Amino acid sequence: MNLQEIVNSLSLEVRTPNLGLDRDVTGGYVSDLLSDVMGNAAEGSVWVTLQIHLNIVAVASLKGLSGIILVNNRIPDADTLKRAVEEDIPIMTSPLSTFELVGRLYALGLRCR
Amino acid sequence: MSNAEEGVFFLTGKDFTNAGAASSSLKDVLERRGIPRDIIRRMAIAAFEAEMNVIIYAVAGMMKYRVTDREISITVQDMGQGIPDIELAMTEGYSTATDQIREMGFGSGMGLPNIKKSTDNLTINTVIGEGTTLEFFIRIRDGITTEQA
């Protein structure tokens with residue numbers, strides 16, 4: 001499954017419009033603790049979080065994650081988006097809560113590896 | 001060793017804007033050298049946690065690296081408050097971070113444990129009121145893995 005298919009299925013709003021969404025998503029991970037993501041998320045996963053500051057981009061980039069989905073209509077800071085474009089990490093947003101969003105990702109077939 | 005490569009990154013306390021930049025640059029060095037991905041992954045975890053500790057807790061610090069064909073070794077030295085009880089600091093979940101830092105998703109008490117888990121050796125030297133030095137390395141080859149070490 002690629003990121004574009006997830007964006008379409010879950011009606012996500014893409015906040016980094018210039019970044020390609022044809023990248024493979026090989027799993028999912030949910031956490032608002034950055035060290036938890038660093039330690040436990042698998043490469044290629046899409047990351048669901050409510051953190052919107054720019055350090056989430058460094059984490060996603062270092063871990064080779066496929067993208068970040070922000071929940072609860074949380075709008076990323078401008079410098080977060082700027083950094084995301086520089087580091088080639090797509091950021092999407094959704095009005096759904098974490099529970100609802102992750103349930104839908106799971107229903108699409110995504111798993112935590 | 002002839003094929004050794006060294007470098008240093010300078011870190012500034014509370015500079016969240018550039019947080020992760022040193023670890024990211026180090027990752028680039030390791031990728032350019034063709035180091036196996038699982039080794040890079042482990043080192044990225046350890047380097048990021050060490051870098052964030054300096055940014056969160058210290059006034060300033062530096063990250064020195066040395067890469068050979070056999071291992072990657074990192075020294076992160078800071079001018080900070082020091083760690084009063086290392087055993088406690090190594091306990092997963094223990095943290096002295098402020099509420100503001102925790103709200104950012106840092107300070108979950110997983111930093112030092114993550115470094116220890118990701119590396120083949122971690123040494124901590126600390127002096128209260130002066131600072132802390134972390135030294136850690138990951139072996140790249142010679143058939144020695146974390147499990148055997």
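Trainee: How does the radius of gyration of chain A stand against that of a compact globule?

Mentor: A compact globule with 113 residues would have a radius near 13 Å, and chain A, with 12 Å, agrees with this. Along its principal axes, the C-alpha trace of chain A spans about 35 × 30 × 25 Å.

Trainee: Which elements make up chain A, and in what order do they run?

Mentor: Chain A holds 5 helices and 5 strands, and from the N terminus on they run α-β-β-α-β-α-β-α-β-α.

Trainee: How should I read the sheet, and which strands of chain A are at its edges?

Mentor: In general, strands of a sheet pair through backbone hydrogen bonds, either parallel or antiparallel. In chain A, 5 strands form an open sheet in the order 1-5-4-3-2, with mixed pairing, and its edge strands are strand 1 and strand 2, each of which pairs on one side only. Strand 2 runs parallel to strand 3 (residues 45-49) and is joined to it by 4 bridges; within this pair, Gly27(A) has Ser45(A) as its bridge partner.

Trainee: Is Asp24(A) buried or exposed?

Mentor: Asp24(A) has 9 other C-beta atoms within 10 Å, and is therefore exposed, since the cut-off for that class is 12 or fewer. It lies in the loop between strand 1 (13-14) and strand 2 (27-30) of chain A. Leaving aside neighbours within four places in sequence, Asp24(A) is in contact with Asn2(A), Gly44(A) and Ser66(A).

Trainee: What should I make of the phi angle of a residue such as Asn72(A)?

Mentor: The general idea is that most residues other than glycine have a negative phi. Asn72(A), although not a glycine, has a positive phi of about 55°; this residue sits in the loop between strand 4 (67-70) and helix 4 (78-87) of chain A, and it counts as partly exposed, with 13 C-beta neighbours inside 10 Å. In chain B, Lys14(B) also shows a positive phi, near 70°, and is found in the loop between strand 1 (5-12) and helix 1 of that chain.

Trainee: How many residues does each chain bring to the contact between them?

Mentor: Chain B brings 19 residues and chain A brings 15 residues. On the side of chain B that touches chain A, helix 2 of chain B gives the largest share, 5 residues, and the residues of that side divide into 8 nonpolar, 8 polar and 3 charged. For the complex, the predictor gives an ipTM of 0.93 and a pTM of 0.94.

Trainee: Where in chain B is the pLDDT below 50?

Mentor: The general rule is that where pLDDT is low, the predicted coordinates should not be read in detail. Chain B has a mean pLDDT of 94, and 93% of its residues reach 70 or more, but over residues 143-149 of chain B the value is below 50, and beyond near neighbours in sequence this stretch has 4 contacts in the model.

Notes: Residues are numbered from 1 along each chain as its sequence is written. Chains are lettered from A and ligands numbered from 1 in the order in which they are written. This is a predicted model: local features need pLDDT of at least 70, side-chain atom pairs count only at pLDDT 80 or more; totals for chains, interfaces and linings use all residues. Helices (H or I, at least four residues) and strands (E, at least two) are DSSP runs, numbered from the N terminus. The radius of gyration is taken over C-alpha atoms; the globule rule is 2.2 Å times the number of residues to the power 0.38. Two residues are in contact if their C-beta atoms, placed from the backbone, lie within 7 Å. Ala, Val, Leu, Ile, Met, Phe, Trp, Tyr, Cys and Pro count as nonpolar, Asp, Glu, Lys and Arg as charged, and the others, Gly among them, as polar. pLDDT is the predictor's confidence in each residue, from 0 to 100. A residue is buried if 20 or more other C-beta atoms lie within 10 Å of its own, exposed if 12 or fewer, and partly exposed in between; C-beta atoms are placed from the backbone. Two strands pair if DSSP finds at least two bridges between them.
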